[in-house]
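Dear colleague,

I am passing on the structure we spoke of, and below it you will find my notes on what turned up when I went through it. Please read them with the structure open beside you.

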Amino acid sequence: MAERPTSGSAGDALRALLAISQPAREGLTPGERYGLTAREVMHLFGAQGASLHWRVPGTAGPVLLASEGILASEGGPASGQAQVLPGESVPGPDEAILVPVPLGDARWSAAMGVAADQRGLRTLLLLPLGHGSQPLGRLTLGWTTPLTPEQAPDRALARLVADHVTLALMQARALADATGLAADRLRQLEEASQSLSSALAELRQADRLKGDFLSAVSHEFRTPLTTILGFSEFLDEGVAGPLSPEQRRFVGHITQAGLHLSSLVDDLLDYARMEAGHFQVELRAVEVSAIAADVVASLETQAAASGLRLLLAHEEGLPPVAADARRLRQVLMNLISNALKFTRPGGEVLVRILPAQHARAVRFEVVDTGIGIDPVHHPFIFRKFYRVTGGAHAPVQGTGLGLAITRELVSVQGGAIGFESTPGRGSTFWFELLVAAGE
Ligand code: ADP
């Protein structure tokens with residue numbers, strides 16, 4: 001009986017099967033893996049050529065994944081690029097067939113037979129890959145000697161090998177698809193993050209421009225405002241001659257409007273500084289009661305004019321706090337002004353200063369009996385430009401910047417700020433500043 005050309009030992013077969021089925025080896029591209037599979041099968045069956053074809057969705061026929069030995073194609077699939085050989089794009093057989101060369105097989109492509117003949121092959125074995133009537137691909141083995149069916153590879157072993165190759169190819173393709181998908185996602189993420197960064201850069205630039213614009217405009221306002229206020233003061237003092245009561249009233253209006261505008265400009269400048277992160281404070285040990293008394297005194301006239309009582313209560317012997325006196329004054333001014341603004345005539349605003357409960361800090365409270373704030377607005381009250389509109393708040397002037405600036409001022413002085421408020425009953429805005437070091 002004629003010898004089979006295979007090396008034939010069970011150990012060889014096992015080794016080849018293991019090599020084929022091994023999960024994607026580290027560092028191997030799918031193309032290298034296909035090549036390795038074709039080589040293993042070729043050596044196992046003592047063939048001189050081997051090729052692997054696979055149906056790829058979207059292509060006309062089976063695509064060449066790998067070709068080895070005499071069947072190797074130029075530029076070969078070792079490059080990982082699948083390609084169709086001339087005469088190979090026809091569907092493969094549904095069952096394993098042995099094709100003598102150059103006769104070919106009527107059920108299959110004569111063109112392939114011719115190609116094999118030109119390469120010096122005498123026998124081809126065509127093994128369908130996959131199951132069922134629709135093969136997924138084809139494994140082709142070629143020998144330079146004519147083989148009888150008895151000399152051809154054992155059918156059961158060939159079937160087993162074909163099954164392993166099918167699994168290995170399916171796995172490799174799934175891996176390639178998954179890797180491609182992951183790479184696509186990564187690319188999309190990178191693109192998204194790039195456009196986000198450039199949007200962010202544009203936003204920052206716009207923000208810088210806005211800050212520059214605000215501070216430039218605010219400075220521009222200052223000069224004419226100083227003139228307006230200065231000359232109305234001269235008029236009020238009678239520098240240009242005595243004023244009639246009506247003239248004095250008019251001058252009073254001019255002064256009030258000028259002061260209002262001046263505080264708006266201050267807020268805008270502070271806002272621009274805050275946006276640019278340039279709120280600078282110089283922390284020193286500051287005596288709180290004197291400052292509070294000063295601020296309260298400066299607002300007494302306004303309170304009286306609005307029919308409000310403005311009171312100050314502070315404990316004796318409070319320690320100095322670490323603060324910037326000018327900015328502490330501003331915080332108190334903002335909170336007390338708000339309290340006066342949002343309290344109806346006949347009401348009361350009480351400023352309390354006491355030791356904080358939980359930290360080595362001093363607590364300032366501005367308690368009013370005003371209109372209060374509805375709880376729906378509580379989370380937003382310190383936001384820039386946030387104002388409660390409608391209802392009792394409707395006619396009150398403001399920009400919505402005061403509390404945002406106040407919070408920032410407290411924070412840059414290392415303190416904390418908060419409030420409690422009940423609609424119709426009043427609000428308590430508080431802040432705490434740390435006791436100065438060494439006190
Ligand atoms: P502005 O007073 O310029 O509107 P603020 O930032 O100082 O801006 O205040 C934001 C909003 O918070 C105010 O419009 C007002 O609705 C509300 N608010 C602040 N203080 C009080 C208060 N003491 N009582 C009631 N509402 C207040």
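Leaving aside its neighbours within four places in sequence, glutamate 432 is in contact with Ala356, Ala361, Val362, Arg363, Val410, Gly415 and Ala416, where contact means heavy atoms within 4.5 Å. This is a predicted model, in which local features need pLDDT of at least 70 and side-chain atom pairs count only at pLDDT 80 or more, while totals for chains, interfaces and linings use all residues. Residues are numbered from 1 along each chain as its sequence is written, and side-chain values use heavy atoms, with hydrogens and water left out.

Glutamate 432 has its place in strand S12 (residues 426–434); helices (H or I, at least four residues) and strands (E, at least two) are DSSP runs, numbered from the N terminus. With a relative accessibility of 18%, glutamate 432 counts as buried, since buried means under 20% relative accessible area, exposed means over 50%, and partly exposed lies in between (1.4 Å probe, protein chains only). The side chain of glutamate 432 is joined to that of arginine 363 by a polar contact of 2.7 Å. A polar contact is a pair of N or O atoms within 3.5 Å; within protein, one must be able to donate a hydrogen and the other to accept it, and residues adjacent in sequence count only if both atoms are side-chain atoms. Glutamate 432 also belongs to a network of salt bridges that links Arg352, Arg363, Glu365 and Glu432, a salt bridge being a side-chain nitrogen of Lys or Arg within 4 Å of a carboxyl oxygen of Asp or Glu.

Strand S10 (residues 361–368) is mostly covered, with seven of its eight residues buried. S10 runs antiparallel to S9, and seven bridges join the two; two strands pair if DSSP finds at least two bridges between them. Leucine 350 has valine 367 in S10 as its bridge partner. S10 and S12 also run antiparallel and are joined by seven bridges, and in S12 the bridge partner of valine 362 is leucine 433.

By the rule given above, the count of salt bridges comes to 14. One of them connects the side chains of arginine 309 and glutamate 348, at 2.4 Å from N to O. Because arginine 309 lies in strand S7 (residues 309–314) and glutamate 348 in strand S9 (residues 348–355), this pair ties together parts that are 39 residues apart in sequence. Glutamate 348 is partly exposed, with a relative accessible area of 23%.

Another salt bridge is formed by arginine 159 and aspartate 163, whose closest N and O atoms are 3.2 Å apart. Both residues lie in helix H4 (residues 155–236), four residues apart, or about one turn of the helix. Arginine 159 is partly exposed at 30% relative accessibility, and aspartate 163 is partly exposed at 23%. Glutamate 282 and arginine 284 meet through their side chains in a further salt bridge (3.1 Å, N to O), and both of these residues are exposed.

Apart from its neighbours within four places in sequence, valine 331 is in contact with Thr406, Leu409, Val410, Gln413 and Phe431. The C-alpha atoms of valine 331 and leucine 409 are separated by 7.1 Å, although the two residues are 78 residues apart along the chain.

Strand S3 (residues 97–100) has a covered face, made of Ile97 and Val99, and an uncovered one, made of Leu98 and Pro100. Four bridges join S3 to strand S4 (residues 123–129), and these two strands run antiparallel; valine 99 stands opposite leucine 124 in S4.

One backbone detail may interest you as well. Phenylalanine 385 has a positive phi of about 65° although it is not a glycine. Phenylalanine 385 lies in the loop between S10 and helix H8 (402–412), and it is partly exposed, with a relative accessible area of 47%.

With best regards
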